[in-house]
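Please keep the model open while reading, and look up each place as it is named.

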Amino acid sequence: MIKNVLKGVAVVLAVSEISVLWFVLTLAEPSGRLPGGRLSGEEVTGRVTDWSFTRENRPLTLEVRPSNPYSVNTSFFVLEGNLYVSSILGGDSRWAQFLIEDPNLRIRSGNKIYKVRATKIEDPELINKIHQGRGQRPGRATRTPEQVEGRGQRPARTTRTPEQLARIWFFRFDSR
Amino acid sequence: MKLVILLVGALLVVFGLIRDGVNLYNEFAAAGLLVFCLGGASYFIAWPMSRDEEQKWHFNPDSVWFLIYLVVLATSGSWLWLLLR
């Protein structure tokens with residue numbers, strides 16, 4: 001009796017797993033935290049010197065590894081007109097690894113696509129300035145649970161330790 | 001014992017779904033699925049082929065169910081690991 005029930009459950013689990021795998025593997029565009037492939041949208045030519053307008057369209061979508069496009073949604077911030085993206089996982093993030101291998105990428109803000117080049121920020125003073133600009137000093141709240149509520153995500157940590165902050169990689173994106 | 005493992009897994013899944021809904025970030029559902037698959041797999045442990053009393057090879061259908069539970073077990077394990085790391 002119980003084996004028959006378990007067989008039925010196994011069929012449901014197998015079908016669900018295959019459906020989820022098919023959905024994930026055939027994603028053209030990133031969905032939430034799931035990565036996608038080549039982005040679609042209107043490609044903008046011309047140099048952008050002030051990225052402040054990107055604040056109107058969240059999230060920002062990155063398309064890295066031009067040889068075999070890999071796209072992800074990410075948070076970003078604009079400081080003095082410059083566009084910055086952070087990898088909270090540092091080098092453990094796949095897209096950050098791809099950016100180190102090839103800094104050329106495309107980004108999509110709204111429905112427009114921009115060709116940019118990434119530069120990893122190594123200057124400690126600038127990194128400190130970025131942290132201060134984002135209110136991410138050690139032990140200080142970054143996002144309250146109320147701010148993330150309703151986004152379909154679990155609440156982010158409200159404080160980051162110095163070790164966590166040191167792990168973050170920052171990239172500046174400039175037009176190419 | 002196997003039944004207890006199954007029930008614990010099923011309860012964890014139900015609790016997770018009630019608490020967090022259908023959500024990729026649902027640790028309880030991931031843990032429950034892992035435990036449930038562990039219990040489920042234990043009912044079907046079998047090699048794909050075995051010899052009968054006449055020493056003839058024959059196929060064990062239970063191994064298919066065992067394999068399905070193992071695959072889902074590995075998936076839920078990876079899911080939980082990604083959530084907890």
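This is a predicted model: local features need pLDDT of at least 70, side-chain atom pairs count only at pLDDT 80 or more; totals for chains, interfaces and linings use all residues.

**Briefing on the two chains**

In chain B, among contacts with a separation of 6 or more, 51% are accounted for by residues 24 or more positions apart. The corresponding figure for chain A, counting contacts between residues at least 6 apart in sequence, is 63% joining residues at least 24 apart.

**Make-up of the chains**

- Chain B has 85 residues, of which 29% count as buried, and its secondary structure comes to 3 helices and 2 strands.
- Starting from the N terminus, the elements of chain B come in the order α-α-β-β-α.
- Chain A has 176 residues, and buried residues make up 20% of them; its secondary structure consists of 5 helices and 8 strands.
- Along the sequence of chain A, the elements follow the pattern α-β-β-β-β-β-α-β-β-α-α-α-β.

**Two helices packed together in chain B**

- The helices α2(B) and α3(B) pack with their axes 8 Å apart and at an angle of about 155°; because angles over 145 degrees count as roughly antiparallel, α2(B) is described as roughly antiparallel to α3(B).
- Where these two helices, α2(B) and α3(B), cross, the crossing is left-handed.
- On the side of α2(B), the residues that make the contact include B:Ala30, B:Leu34, B:Cys37 and B:Leu38, while on the side of α3(B) they include B:Phe66, B:Leu73, B:Trp79 and B:Leu80.
- Sorted by class, the residues of the contact of α2(B) with α3(B) are 16 nonpolar, 3 polar and 1 charged.

**Where the chains meet**

- Between the chains, 10 residues of chain B are in contact with 11 residues of chain A.
- Helix α3 of chain B, residues 62-84, gives the largest share of the side of chain B that touches chain A, namely 6 residues.
- That side of chain B has 7 nonpolar and 3 polar residues, with no charged residues.

**The helix α1 of chain A**

- Helix α1 of chain A, residues 2-25, has 24 residues and reaches 34 Å from its first C-alpha to its last, which is close to the 34 Å expected at 1.5 Å a residue.
- The buried residues of α1(A) are A:Leu6, A:Ala10 and A:Leu13.
- An α-helix has 3.6 residues a turn, so residues three or four places apart point the same way.
- What covers the buried residues of α1(A) includes α2 (27-42) and α3 of chain B.

**Backbone details in the loops of chain A**

- A cis peptide bond, with omega of about -5°, joins A:Arg58 and A:Pro59, and A:Pro59 has its place in the loop between β1 (42-44) and β2 (60-64) of chain A.
- Although A:Arg65 is a residue other than glycine, its phi is positive, near 50°, and A:Arg65 is placed in the loop between β2 and β3 (70-74) of chain A.
- Is A:Arg65 exposed or partly exposed? A:Arg65 counts as partly exposed, because it has 17 C-beta neighbours inside 10 Å.
- A:Glu80, which is not a glycine either, has a positive phi of about 55°, and A:Glu80 lies in the loop between β4 (76-79) and β5 (82-87) of chain A.
- With 10 C-beta neighbours inside 10 Å, A:Glu80 counts as exposed, since the cut-off for an exposed residue is 12 or fewer.

Key: Residues are numbered from 1 along each chain as its sequence is written. Chains are lettered from A and ligands numbered from 1 in the order in which they are written. Helices (H or I, at least four residues) and strands (E, at least two) are DSSP runs, numbered from the N terminus. Two residues are in contact if their C-beta atoms, placed from the backbone, lie within 7 Å. Ala, Val, Leu, Ile, Met, Phe, Trp, Tyr, Cys and Pro count as nonpolar, Asp, Glu, Lys and Arg as charged, and the others, Gly among them, as polar. The expected span of a helix is 1.5 Å times one less than its number of residues. Axes are lines fitted to C-alpha atoms, for helices over the stretch in contact, and angles run from 0 to 180 degrees between N-to-C directions. Angles under 35 degrees count as roughly parallel, over 145 as roughly antiparallel, 65 to 115 as roughly perpendicular and the rest as oblique. A crossing is left-handed if the near helix is turned anticlockwise from the far one by less than a right angle, and right-handed if clockwise.
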